[in-house]
Amino acid sequence: MTALLLMWATGAMTADVNAAALQLPRDGWVSWEIETVDDAPAWCCFDWNSNRARPKACKLDGRDHGYGSSSDQDTVDTMRVYARFGAGKLERIRALAASCPVQTLTPVHAIEDVAASESIEWLNRIVTPHTPQSDDALAALAVHRGALAAQALQRIAKSDGNVENRKQAMFWATQVRGDEGLQMTLPFLFADPDAKVREHAAFAVAQTKRPAAIQALARQGRGDTSTQVRAQAWFWLAQTGATEAEAAIRHALSAEKSPHVRDQAVFALSQLPEPVNVTALVRVAEDRGMERDARKQALFWLGQSESDEALRYLDRLLGDGQAMAH
């Protein structure tokens, strides 16, 4: 195989792709292996048939890609970072399970014995300024084992000049770094001055469905200064499916002053798992101590439900109304 790997002279690389010991090409694909955090997802590509996933080769030069894993192989200990260069510029980056098959238009040169610190340093440098490759670089950074990767993610989440980089650092930290990622992200729900960041932090922690995340979402819904952030906190709390979500949202309906947040809280109840959502909406609809608009919203979302229980309740309600009219 003709070697695609060309070692550039010191200083010839641009700052956005340079790393002290990584030998990077001017053109073509390279890859290197990393050790991952505990319980790292086995990212690969899949064909789905009858709800069964079958691994397939990831076409790294193709336009479409995502990050998926299968219940047949949930976690991995190692991944490979793939990077493609053109005319000295980074064009693509992807982290995949080491066992995941890939297809590329040109050969992939494997770099051996890359230290975690070298990989993390390089990824850290290419995240900022924000480019189309930044999100994939953050995903790759997040799966690296060790404190260096965690520190890099925390720095980006806290102080990067691009808000999208900050949000994606929180997202990937909570997606792949377990309790460590959750604890890193929780403070941003309450202390960040940017309401959009607080809102995104709520989305990120909600994906973990851990008890600490549930408590934090309820706290944000009760106390954030932004009506939009409070409204979204209740939505994301409902999405967790936590058993305590209904009680927390109903309490908000009684205490909340903003009509917008109350409306969104009722909508959040409709997003609870069935049949809890129907029961929760019926309770609001029948609670004469609730604001009338909240009760009307509950009836509206019951009408949008495809649940047989919701339809039976509305039929009964309509029947009672017709009987009273006669």
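Let's start with helix α10, residues 245-255, and helix α11, residues 259-270. Their axes come within 9 Å and cross at roughly 160°. Axes here are lines fitted to C-alpha atoms, for helices over the stretch in contact, and angles run from 0 to 180 degrees between N-to-C directions. Helices are DSSP runs of H or I, at least four residues, and strands are runs of E, at least two, numbered from the N terminus.

One caution before going on. This is a predicted model: local features need pLDDT of at least 70, side-chain atom pairs count only at pLDDT 80 or more, and totals for chains, interfaces and linings use all residues. Residues are numbered from 1 along each chain as its sequence is written, and side-chain values use heavy atoms, with hydrogens and water left out.

Back to the pair. α10 and α11 are roughly antiparallel, the label for angles over 145 degrees; under 35 is roughly parallel, 65 to 115 roughly perpendicular, and the rest oblique. The crossing of α10 past α11 is left-handed. That means the near helix is turned anticlockwise from the far one by less than a right angle; clockwise would be right-handed.

Who touches whom? From α10, E246, I249, R250 and L253 meet R262, A265, V266, A268 and L269 of α11. By class, that contact has six nonpolar, no polar and three charged residues. Contact means heavy atoms within 4.5 Å. For the classes, Ala, Val, Leu, Ile, Met, Phe, Trp, Tyr, Cys and Pro are nonpolar, Asp, Glu, Lys and Arg are charged, and the others, Gly among them, are polar.

α11 also packs on helix α13, residues 292-304. The angle is about 35°, and the axes are 9 Å apart. This crossing is right-handed. D263, V266, F267 and S270 of α11 meet A294, Q297, A298 and W301 of α13.

Next pair: α8, residues 211-223, and α9, residues 227-240. Their axes come within 7 Å and cross at roughly 155°. So α8 and α9 are roughly antiparallel. The crossing is left-handed. On the α8 side we have I214, L217, A218, Q220, G221 and R222; they meet V229, R230, A233, W234, W236, L237 and T240 of α9. That contact counts eight nonpolar, three polar and two charged residues.

Buried means under 20% relative accessible area, exposed over 50%, partly exposed in between, with a 1.4 Å probe and protein chains only.

Take W43. Beyond four places in sequence, its contacts include Y67, M79, L96, C100 and W172.

Now H200, in helix α7, residues 195-206. H200 is buried, at 13% relative accessible area. Outside four places in sequence, H200 contacts K167, Q168 and F171. Its C-alpha is 9.3 Å from that of Q232, 32 residues apart along the chain.

Finally, the whole chain. It has 14 helices and eight strands. Of its 326 residues, 48% count as buried.
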